[in-house]
Amino acid sequence: MHDSAQAVFQTRGLKRFYQMGDVTIQALRGVDLELFSGELVVMLGASGSGKSTLLNIMGGLDSASEGSVHYIDHSRHTHELTHASQRQLTEFRRHHVGFVFQFYNLISSLTARENVAIVTDISRDPMTPEEALAMVGLEQRLDHFPSQLSGGEQQRVAIARAIAKRPEVLLCDEPTGALDFRTGIRVLEVLETLNRTTGTTLAIITHNEVIGEMADRVIRLRDGQVGDIHANTQRTPPGELRW
Amino acid sequence: MSTLHRKLLRDLLRLKGQSLAIAAVIASGVMTLILAVTTLDALTRAQSDFYASHHYPDLFVDVKRAPLGLVDHLQTLDGVSRMAPRVRAGVRLAVTGFDDPVRGQILSLPDGRQPSLNRLHLVAGSLPEAGRADQAVVSDAFAEAHGLAPGDTLEAIIDGRQTRLRLSGIARSPEVIYQAAPTDLLPDYQRYATLWMNERALANAFGMEGAFNQLLVTLQPGADAATLGNELDQALARYGATGTQTRHDQQSHRFLEEELAQQRAQAAILPTIFLAVSAFLLNVVMGRIIRTQREPLAMLKAFGYRDGELARHYGLLAGLIVLLGWALGVALGAWAARGLGGIYAEYFRFAEMHFRVPAWAMALALGVAGIAALLGTWHAVWRAVREPPAAAMRPPAPQRFRRTWLERSALGRGLGHEARIVLRHLLRHPAKAGLSVAGIALSAGLLMMGAYQLGAVDKMLDQQYRQVMRMDIELTFSEVTPARAAGELRHQPGVLAVETWRRVPVTLMHEHREYRTSLLGTEAQPQLRQILDIDGHPQALPGDGVMLTRFLAELLQAEVGDTLEIAVLDGRRQRLTLPLAALVDEPIGVGAYLQRDSLNALLGEGPAISGAWLLVDPDQADRLHRALHQLPRVAGIGLLSEAERGIRDYMDETILMFALVFVALAGSIAFGVIYNNARITFAERARELATLRVLGYTRSEVARILLGEIALITALAIPLGWLIGIGFSALLNQAFSNDLFRVPLVLTPYAFGFAAAGVIAASLVVAVLVIRRLGRLDMIGVLKAVE
């Protein structure tokens with residue numbers, strides 16, 4: 001499908017160094033890849049392979065040390081993220097991408113509905129929080145606080161929060177990492193349905209090989225570089241995954 | 001309401017303990033300003049309104065006796081607006097059922113009418129009816145003290161003749177707002193009274209028919225008081241004028257002005273210190289609270305919230321806390337000002353007193369607190385939003401710890417794990433630890449300033465009444481008396497010792513500076529009324545020349561060896577020149593002393609005295625009072641125990657009341673700072689503490705780490721707090737020096753102990769709260785929150 005499809009992300013020679021205490025970490029050592037409109041990509045890699053760093057840079061949460069990242073929006077307008085100012089990155093995050101984090105990162109003082117509303121408040125054409133929560137099957141839990149929700153429910157609130165602004169791209173960092181098998185599958189089903197029905201480009205990073213089977217393409221990262229890229233001939237429905 | 005605003009309210013609720021503690025700090029700072037300024041404003045307006053509405057004169061001239069016919073001529077002098085001649089006489093009173101001697105003054109009223117100057121503010125009853133010689137109006141404080149009402153009677157001795165007066169009314173007057181006897185520092189409402197009678201009746205009783213002995217004058221706008229004063233002096237010189245006096249020479253006005261000056265000093269210095277301290281603390285605490293919000297802030301940023309929106313959000317959080325603290329401070333300040341104003345109304349008898357909180361003070365307080373909070377918030381938010389959100393969501397890199405002297409020294413090796421964690425943490429964050437120490441030290445400094453104020457006034461009074469004024473009774477004669485009268489006094493019942501003195505009113509001049517006071521002549525080394533320096537050592541009077549209180553010498557800019565010009569304002573009105581021979585650092589009053597023999601010689605008189613000091617046997621006090629009351633020359637009988645009680649009451653109710661309020665506020669600031677400090681330390685280290693708990697540390701072991709840090713910071717803050725306290729006390733001391741008192745800068749061990757005990761007590765309360773919180777620490781929750 002990507003032959004005919006439009007590229008959404010394009011990175012060239014992407015590098016990222018960190019100073020952690022006394023140690024310099026080379027998280028990315030030159031990454032070249034594309035993400036295409038409407039596809040579901042799973043990025044696989046061991047801990048420390050640089051997958052979270054890559055996702056953060058694509059999402060405008062972090063900046064590259066070297067190389068370039070381009071984002072092409074639905075009106076074919078190209079955004080150069082590498083040299084974008086903080087203000088431009090903020091606008092990019094605000095209008096184009098949604099995030100799902102491993103640890104949900106909900107705001108504990110807000111209810112499920114309000115956690116979604118905090119994003120829809122600043123979006124151009126959002127769903128209502130109720131719609132977004134219904135899409136993840138939480139229409140019955142609107143007024144619960146995070147502490148009153150299970151881990152899977154919290155992650156689904158986080159997904160509702162990410163999709164409510166109708167982003168062009170949804171970036172998920174280990175969305176099932178903190179969940180048990182059954183709940184993890186439920187979350188993946190929500191993400192897969194979303195990709196299939198709304199055409200939102202979806203990038204999931206995980207260290208769980210099995211999840212790769214539900215993707216259009218699997219990108220393996222090793223030691224800060226792209227190891228190999230593999231296209232699935234057919235996507236396995238999440239419900240059939242086992243690990 | 002937007003979701004962000006909802007989050008704000010929930011955050012406020014979640015932080016309610018800390019928010020309230022910060023609000024208390026702000027409220028304390030704001031309250032000091034509002035209290036001081038509102039009280040000052042009410043007193044100042046009460047004074048000026050009373051003066052204006054009841055025509056308080058600008059100039060006062062005392063004469064021996066001048067014909068009333070002279071007034072028509074004087075009225076034509078340039079600059080005179082109104083002029084009112086009157087008769088003023090000393091009086092001794094007897095109130096049924098009250099044995100102590102009562103002194104007073106009687107002032108004349110135009111028959112049956114209000115005077116044109118110094119109009120009376122009648123509280124009850126009416127003016128004496130025209131033509132009545134047996135009616136009088138009495139000052140309200142005296143009436144209150146004795147439960148007198150219109151219709152009651154008093155026995156009065158005017159010029160040696162006894163008359164019975166019936167009270168027609170009770171009144172206040174702008175000239176006796178402060179109703180103390182001329183020789184007293186403080187009012188004694190039971191023993192001193194002002195009465196008003198019809199002019200003809202008083203003139204008859206006092207031998208002043210067709211004449212006056214005091215002239216009151218108001219000036220036309222723009223008129224020069226000094227020029228007119230000189231003309232009046234010349235015109236009245238041959239009638240025994242003692243020099244035109246201004247308002248500043250009037251006891252009531254003078255004391256009120258001193259009190260207002262004191263209030264002004266207080267209003268300038270204390271709120272400045274308090275507001276500055278609370279602004280600093282607010283800045284630090286708000287900054288640290290924002291830093292604990294690092295993750296939610298990064299999260300909002302990841303969603304695309306703009307820096308400005310986030311800054312506004314946290315600015316609003318700070319703003320709401322400030323607003324709460326400010327409103328609380330204004331309300332409490334206004335309430336306390338009303339209470340204190342009520343106390344002042346006991347001492348200063350105004351016609352009316354109205355309280356309003358000046359708008360500028362409210363705006364200033366809000367501005368200072370708001371700016372401090374926003375600066376602290378802005379700085380912290382700015383640092384937080386500058387960080388890329390991904391970095392903020394990653395767990396912070398392990399902080400760099402290195403081996404330090406701590407590990408290498410024997411002390412370090414001997415320390416347990418907990419102590420080492422505490423010490424390393426403080427050494428790793430010297431700036432943060434420094435700010436915590438500084439915050440607590442500042443509140444300790446405030447506590448010490450309060451303790452200093454409470455202690456210093458007490459010490460000053462102890463010195464004045466235990467060491468300086470060692471007599472029991474101060475007798476004042478109605479006229480200059482031969483010194484041999486001392487012998488007669490020695491034979492009165494219960495008199496143990498007598499020392500005589502001569503006092504004469506003078507103007508001291510040095511170059512172009514002058515000061516009106518009195519010159520006191522005593523024995524070379526008086527025993528019953530010692531002259532002490534600031535260290536409490538008795539000083540002997542120099543053989544020739546005059547000794548001045550250092551404060552007075554500084555006013556005159558005179559040094560030892562300089563020549564002073566002295567204009568005597570009594571008797572033959574000589575002009576003398578005398579060397580300034582010595583200085584003395586007295587804490588109360590401003591004095592000018594020389595040996596009595598020298599003074600007699602300079603005045604060209606034989607051994608003469610104006611009064612005597614008596615040491616008496618307390619068992620015979622009543623007999624003695626009755627006997628002294630019968631002596632014809634005695635104009636005043638001052639009981640020192642009464643005077644001391646009066647001044648202590650006054651101090652307790654005014655200055656010390658203020659000091660207590662400030663100590664309470666300093667205490668609440670100390671608590672607010674220590675509490676916030678502990679809460680933030682707790683928030684910052686919750687993960688570490690939970691990890692230790694998971695690893696099997698007991699609750700008390702973990703508590704030791706947290707409490708160890710609080711204890712260490714408090715211990716470091718105390719000595720610094722003492723230094724700051726010394727500084728604050730010196731500032732306050734400087735601001736409080738005036739003609740009446742110079743509170744010595746004596747810092748007792750009590751003040752040091754009080755400051756230390758205050759912060760330690762606050763730390764203990766906080767420790768209990770923290771331990772309770774530690775019990776609720778959610779180990780799993782804290783550890784799960786971040787990788």
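The largest nonpolar core in this predicted model has 204 residues. Its members with the most contacts inside the core are A:Ala160, A:Ala203, B:Ile34, B:Leu282 and B:Ala369. Helix H2 of chain B, residues 16–53, gives the largest share of this core, 20 residues. Apart from this core lies another, of 51 residues, with B:Leu117, B:Leu202, B:Met208 and B:Leu215 among them.

Once its neighbours within four places in sequence are left aside, B:Leu282 is in contact with B:Ile22, B:Val25, B:Ile26, B:Ala369, B:Ala372, B:Ala373 and B:Gly376. One of these partners, B:Ala369, is itself listed with B:Leu282 among the core residues with the most contacts.

The UniProt annotation "domain: ABC3 transporter permease C-terminal", from an unreviewed entry, covers residues 269–389 and 661–777 of chain B. In the span 269–389 of chain B, 84% is helix and 0% is strand. The end C-alpha atoms of residues 269–389 lie 45 Å apart.

Chain B as a whole has 24 helices and 20 strands. The C-alpha trace of chain B spans about 105 × 60 × 55 Å along its principal axes. Of the 787 residues in chain B, 44% are buried. Among contacts in chain B between residues at least 6 apart in sequence, those joining residues at least 24 apart make up 84%.

Chain B also meets chain A: 23 residues of chain B are in contact with 23 residues of chain A. Three elements of chain B give two or more residues each to this side, namely helix H1 (3–14), helix H8 (294–302) and helix H11 (389–393). The largest share, seven residues, comes from H1(B). By class, the side of chain B that touches chain A divides as follows.

| Class, side of chain B that touches chain A | Residues |
|---|---|
| Nonpolar | 13 residues |
| Polar | three residues |

On confidence, the mean pLDDT of chain B is 85, and 94% of the residues in chain B reach 70 or more. For the complex, the predictor gives an ipTM of 0.77 and a pTM of 0.75. Where pLDDT is low, predicted coordinates should not be read in detail.

Conventions: Residues numbered from 1 in each chain as written. Chains lettered and ligands numbered in written order. Predicted model: local features only at pLDDT ≥ 70, side-chain atom pairs only at ≥ 80, totals over all residues. Helix = DSSP H or I, 4+ residues; strand = E, 2+ residues; numbered from the N terminus. Buried ≥ 20, exposed ≤ 12 C-beta atoms within 10 Å, placed from the backbone. Contact = placed C-beta atoms within 7 Å. Core = buried A, V, L, I, M, F, W, Y, C linked by C-beta atoms within 7 Å. UniProt positions renumbered as here; feature names shortened; annotations may be inferred. Nonpolar A, V, L, I, M, F, W, Y, C, P; charged D, E, K, R; others polar. pLDDT = per-residue confidence, 0-100.
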